[in-house]
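Biologist: Could we walk through a protein model together, one question at a time? I would like to see how each answer is reached.

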Amino acid sequence: MIEDRVRYGVDSFLEDNFFLPPKESYCLEERTESGRSELLVNIKGDNLCSEDYDHKGKCNFLKENSPFKIKRSVDHVLLQKKNGKWILHLIELKSKVDNKKWYEIKQKIRASYFNICALEKILGIHIDEVRTYTTYETTGFWNPSRTTDPKTIVAPLGKPMPPAPEQEWENNAIHVDVGEFVEFRHRAVKMQRTEDGTKLIGKLSIC
């Protein structure tokens, strides 16, 4: 059961339907012109789920036209209370992941992380851990030295170079620049295409 202080923050300060009614299972979807994805998420413990988070309201004090794409967001967000601590789960639904998409995913994770951290005082919680997830059907990583997009290989001034995208993917980690590089746990979720080819489906269990 969500504690009273958290419920007060949701009911009093957030726009209607920002979070779904708490459940142990959610069917999270992505509907785009390029394809559809449907992810069944089972989660244990107290939780809050913001479905279709990329279309929800964000902090208006963030730069609208920042080169850091600070207005981008992941598709779905879950907050889970486990052993007295709150875990932030950031979920992005993709069909194919390559170097360019990985760079964009990092931008979305960063912006979503900033926005959700701003909710901490509103909800009266503290986020103790961040976990990230990307669904995919196929991957197409390439050697970074061959790319024509310098943003995907050049480290910000004064910061160390993060590992190559494929290395991060294989090591279940993602390094996000929030002023310094921070490492979040990452999980790749393999999806299957339905027989009629109209959508990707998959399952994710969060313990």
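What follows is a friendly set of questions and answers about this predicted model.

Biologist: Which residue in β12 is the bridge partner of Arg193?

Modeller: β11 and β12 (residues 199-206) run antiparallel, and two bridges join them. Arg193 is in strand β11. Its bridge partner in β12 is Leu200.

Biologist: Arg193 also forms a salt bridge. With which residue?

Modeller: Side chains of opposite charge can pair when their charged atoms come close. Here the closest N and O atoms are 2.8 Å apart. The pair links distant parts of the chain, 56 residues apart, and the other end lies in the loop between β7 and β8 (138-139). The partner of Arg193 is Glu137.

Biologist: Is Arg193 buried, partly exposed or exposed?

Modeller: Buried means under 20% relative accessible area, and exposed means over 50%. Arg193 has a relative accessible area of 40%, so Arg193 is partly exposed.

Biologist: Now Lys108, please. Is Lys108 buried or exposed?

Modeller: Lys108 is placed in helix α2 (residues 99-117). Leaving aside neighbours within four places in sequence, Lys108 is in contact with Arg72, Ser73, Val74, Glu92 and Lys94. Its relative accessible area is 16%, and the cut-off is under 20%. Lys108 is therefore buried.

Biologist: Which element gives the largest share of the largest nonpolar core?

Modeller: This core has 30 residues, and Phe19, Leu79 and Leu123 touch the most other members. At least two residues each come from α1 (4-13), β4 (76-82), β5 (85-93), α2, β7 (127-136) and β9 (173-177). The largest share is four residues, and they come from α2.

Biologist: What is the relative accessibility of Thr132?

Modeller: Thr132 is found in strand β7. Beyond its neighbours within four places in sequence, Thr132 is in contact with Leu90, Ile109, Ile174, Phe184, Arg185, His186 and Arg187. Thr132 counts as buried, and its relative accessibility is 1%.

Biologist: Let's turn to the rings. Is the pair of Tyr8 and Phe13 stacked, tilted or edge-to-face?

Modeller: The structure holds eight aromatic pairs. In the pair of Tyr8 and Phe13, the ring centres are 5.5 Å apart and the planes are at 85°. Planes over 60 degrees apart count as edge-to-face. The pair is therefore edge-to-face.

Biologist: And how do the rings of Tyr113 and Phe184 pair?

Modeller: Tyr113 is in helix α2 and Phe184 is in strand β10 (residues 181-190), 71 residues apart. Tyr113 counts as partly exposed at 21% relative accessibility, whereas Phe184 counts as buried at 8%. The ring centres are 5.4 Å apart and the planes are at 50°, so the pair is tilted.

Biologist: Over which residue's ring does the charged end of Lys58 sit?

Modeller: The charged end of Lys56 sits over the ring of Phe18, 5.4 Å from its centre. For Lys58, the distance from the ring centre is 4.5 Å, and the ring belongs to Tyr53.

Biologist: One last question. Which residues are linked with Arg36 in a network of salt bridges?

Modeller: The count of salt bridges comes to 12. Arg36 forms one of them with Glu29, the closest N and O atoms being 3.1 Å apart. The residues linked with Arg36 in the network are Glu29 and Arg31.

Key. Residues numbered from 1 in each chain as written. Predicted model: local features only at pLDDT ≥ 70, side-chain atom pairs only at ≥ 80, totals over all residues. Heavy atoms only, no water. Pairing = 2+ DSSP bridges. Buried < 20%, exposed > 50% of the residue type's maximum accessible area, 1.4 Å probe, protein only. Contact = heavy atoms within 4.5 Å. Core = buried A, V, L, I, M, F, W, Y, C linked by side-chain atoms within 4.5 Å. Phe/Tyr/Trp six-rings, centres within 6.5 Å; stacked < 30°, edge-to-face > 60°. Lys NZ or Arg CZ within 6 Å of the ring centre and 35° of its normal. Salt bridge = Lys/Arg side-chain N within 4 Å of Asp/Glu carboxyl O.
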